[in-house]
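Hi,

Here is the structure I promised to pass on. Please have a look, and then read my notes below.

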Amino acid sequence: MVHYRNLISALGAALPTCMTWKLAGKDNEYMNARDVFALAVSEDGENEQLGEGQFYMVSEEGAIGLAVGYEHLTRWFLIPLTGDERERELRRLYSELDFDLANYDSYKAPEPQAAAPQQSYQQAPPQGQIPPQQPYQQMPPQGQMRPQQPYQQVPPQGQFPPQQAMAAGIHICRNCGAELKAGAKFCKKCGTPVQ
């Protein structure tokens, strides 16, 4: 038989065969797959730490047990239900799942907010001057997005926007935007003749 390190894995193996159980030693304590899943998650789910030599087992009928060292020492604690109890638990499981599906929209996480628009290149103010303050932009109402700003491409490293290059006295290639050395006749990057 297969050994399982946590209850969630054992539940996954039992589900194709069984969806309702009785708690061993208790006459009126029934559990369906949703209840067992909640129990498994409350015991840290996938991170559940069993003791040395312990593992879960699943029988051919879908019973779930905890073994200590050997398969023949398994303590079966979830016994498959039959008859009227099984039908009653299946009806409860399906009604709970229907309720969850009907209320799914109220459990949805809020939509992520739109990203702030990308800022254009800005020249640094002369030394000693403080740049003017940007006007405060109010957030749009919930569910609405800001109008999209036109896409502004960032030039590759070593290239400059024409306005900044001219202001700084840097010569740039009219074709690719790469910086030109003084007196250059061709762009070293793309080969375009310099005017």
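Met1, Trp76 and Ile79 make a nonpolar surface patch of about 270 Å². Patches are built from residues with over 30% relative accessible area and no salt bridge, joining like charges within 9 Å and nonpolar side chains (Val, Leu, Ile, Met, Phe, Trp, Tyr) within 5 Å. The areas are Shrake-Rupley values with a 1.4 Å probe, and for residues only the protein chains shown count as cover. A salt bridge is a side-chain nitrogen of Lys or Arg within 4 Å of a carboxyl oxygen of Asp or Glu.

This is a predicted model, where local features need pLDDT of at least 70 and side-chain atom pairs pLDDT 80 or more, while totals for chains, interfaces and linings use all residues. Residues are numbered from 1 along each chain as its sequence is written, and side-chain values use heavy atoms, without hydrogens and water.

Tryptophan 76 lies in strand E5 (residues 74-80); strands are DSSP runs of at least two E residues, and helices of at least four H or I, numbered from the N terminus. E5 runs antiparallel to E1, with three bridges between them, and lysine 22 has isoleucine 79 in E5 as its bridge partner. Strands pair if DSSP finds at least two bridges between them. Strand E4 (residues 64-68) is also antiparallel to E5, through four bridges, and leucine 66 stands opposite arginine 75.

As for confidence (pLDDT, from 0 to 100 for each residue), the chain mean is 77, with 64% of residues at 70 or more.

Best wishes

How values were computed
pLDDT is the predictor's confidence in each residue, from 0 to 100.
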